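Hi,

Here is the structure I said I would pass on. Have a look at it first, then read my notes below.

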Amino acid sequence: DGMNVLFIVVDDLRPVLGCYGDKLVKSPNIDQLASHSVVFSNAYAQQAVCAPSRVSFLTGRRPDSTRLYDFYSYWRVHAGNYSTMPQYFKENGYVTLSVGKVFHPGVSSNYSDDYPHSWSVPPFHPSTEKYENDKTCRGKDGKLYANLVCPVDVTEMPSGTLPDIQSTEEAVRLMNVMKTSKQKFFLAVGYHKPHIPLRYPQEFLKLYPFENITLAPDPWVPEKLPSVAYNPWMDIRQRDDVKALNVSFPYGPLPDNFQRRIRQSYYAAVSYLDTQVGQLLNALDDVGLSNSTIVVFTADHGWSLGEHGEWAKYSNFDVATRVPLMFYVPGMTTPPVSRGERVFPYLDPFNHILGFVPQGQSKKVVELVSLFSTLAELTGLQVPPVCPETSFHVALCTEGSSIVQYFNASEEKVKEEKDGCDDTFRCFKEETVAFSQYPRPADTPQWNSDKPKLKDIRIMGYSMRTSDYRYTLWVRFNPNNFSADFEDVHAGELYMVETDPNQDYNIYNNTSHACFLKKL
């Protein structure tokens, strides 16, 4: 009880990590954290785009309660004056600190990252963040471009650094300040990479020889994928290097070699991120706080790397909604740590080959909306009450229940009979479920299908993910009164996890799904 919290949230990181079984990626520092943590292998975001996902898990409410499906409204004005997770810690005596991208900047956090509601001091943003989308990538011709694939020489970058390096330095500085002040802290650190552009120090490419890089296992658009479910990856098409390829809209595939280049740079950006996380955790050891600080590591959503002929996020596929999620709780996920003992020595990905095994792994299906109540319970604060069905008027409540009960790795293995779905017992068996959703402006891919503005939303895809299946209904949505009409179904998707783990064979049309419908 009364522990500090170090909350690490990464932009657009799907679980391509050694501790999640990825054989190619080199992520020794995150894997080392996992070896002292409970790791959730089935964690999902509530909407696969930055602002809605972050506002959802920081308030503990789903997008239908925050009413944020795009980037253009502030929940306190537009939905309800909801308390946030950092605000709750602040009101309970913690010093709350934000470094990097925690809230999505702009209108959706009141142009202030929700300061002073959520944070004790004004949030820190790295000064070089403003160059992210500039022409800083050197092309073969020696000229500078705004590319998607962008390995750089850091010494040539503005101020000779990159945003995530600055964020690590600031977070380490704050830890040292907090160590001397002896106050409890909630420190949120938001890393930018592997968000596009894939701009990272070029030496990380050495970890991923091009000949080792394959295409996605399913790089084609699935035959039975409803067109409403497809995201046309507009943000990638707008980068100079992709623009030059002149691919047709919306399905035109990228050339194989360019697909492999994107995948190579995504992995390289993840290894660069891993070194930043490693330095951050090593500093926690340095200040002697590893025995009194809970560490959470997660992402706002995933990112498609060519699966289903798609790139980026903006969909309901697992590759877009599934995130890494792990909790290090000294004395709970690990034996008590004695003061001064090093838990997180920095590991260099260029010469570190040791594999780590997660301390505990839970296959329970969980959601990011549960973070608020989970962290309250872990730190011994009162867990916020469960929200009533309509909660716009309730300042403090949560729509995600705490997942601390799943931390015990020795999970009871109850194998239910795999009956048909008409069996009532199976239909309503107690199983954990993750809900995600994604809005669309039309039934077919448009220029704004990835990021429709609220006024343009016509269809909402509601997804239900269990350990056995993903079931998605695309239904009519009215943006004026935020209502979804489940009588007006535009399309559906159903994938069985066991036989179709990559979600390539939609069996919605040849399955009776009265039961799924009822449950959703």
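This is a predicted model: local features need pLDDT of at least 70, side-chain atom pairs count only at pLDDT 80 or more; totals for chains, interfaces and linings use all residues.

Residues are numbered from 1 along each chain as its sequence is written, and side-chain values use heavy atoms, with hydrogens and water left out.

**The overall picture**

The C-alpha trace spans about 60 × 60 × 45 Å along its principal axes. How does the radius of gyration of the protein fit with that of a compact globule? It agrees, because a compact globule of 520 residues would come out near 24 Å and the protein has 22 Å. (That radius is taken over C-alpha atoms, and the globule rule is 2.2 Å times the number of residues to the power 0.38.)

Of the 520 residues, 62% are buried. Here buried means under 20% relative accessible area, exposed means over 50%, and partly exposed is in between (1.4 Å probe, protein chains only). The accessible surface comes to about 20300 Å², and carbon and sulfur atoms hold 52% of it; these areas come from the Shrake-Rupley method with a 1.4 Å probe, and for residues only the protein chains shown count as cover.

Next, contacts, meaning heavy atoms within 4.5 Å. Among contacts with a separation of 6 or more, 75% are between residues 24 or more positions apart.

**A buried Asp and a buried Arg**

You'll find Asp300 in the loop between β9 (293–299) and β10, and it counts as buried because its relative accessible area is 0%. Which residues does Asp300 touch, leaving aside neighbours within four places in sequence? Among them are Val9, Val10, Asp11, Asp12, Arg54, Phe57, Val323 and Leu368. Val55 is 245 residues away from Asp300 along the chain, yet their C-alpha atoms are separated by 9.8 Å.

Then try Arg263, in helix α9 (residues 256–286). Arg263 is also buried, at 8% relative accessibility. Not counting residues up to four places away in sequence, Arg263 touches Ile213, Thr214, Leu215, Ala216, Leu305 and Glu307.

**An enclosed helix**

Is helix α11 (residues 371–378) largely enclosed or open? It is largely enclosed by the rest of the structure, because 7 of its 8 residues are buried. The buried ones are Leu371, Phe372, Ser373, Thr374, Leu375, Ala376 and Leu378. After α11 comes Gly380, with a positive phi near 80 degrees.

**Rings**

Rings of Phe, Tyr and Trp (its six-membered ring) pair if their centres lie within 6.5 Å; planes under 30 degrees apart are stacked, over 60 edge-to-face, and the rest tilted. A search of the whole structure turns up 24 aromatic pairs. One of them is Tyr462 with Phe486, a tilted pair with 5.3 Å from centre to centre and 35 degrees between the planes. This pair links distant parts of the chain, with Tyr462 in strand β15 (residues 459–465) and Phe486 in strand β17 (residues 483–496), 24 residues apart. Tyr462 is buried, with a relative accessible area of 11%, whereas Phe486 is partly exposed at 32%. Elsewhere, ring pairs join Phe7, Phe57, Phe89, Tyr94 and Phe186 into a cluster.

Most residues other than glycine have a negative phi, and most peptide bonds are trans. Here are some exceptions to look up.

- Tyr111 has a positive phi of about 55 degrees; it sits in the loop between β3 and β4 and is exposed, with a relative accessible area of 68%.
- His308 has a positive phi of about 60 degrees; it lies in the loop between β10 (304–305) and β11 (311–312) and is buried at 1%.
- Tyr115 and Pro116 are joined by a cis peptide bond, omega about 0 degrees, and Pro116 is in the loop between β3 (95–100) and β4 (137–138).
- Ile196 to Pro197 is also a cis bond, with omega near -5 degrees; Pro197 is in the loop between β7 (185–191) and β8 (198–201).

Happy exploring!

Technical notes. Helices (H or I, at least four residues) and strands (E, at least two) are DSSP runs, numbered from the N terminus.
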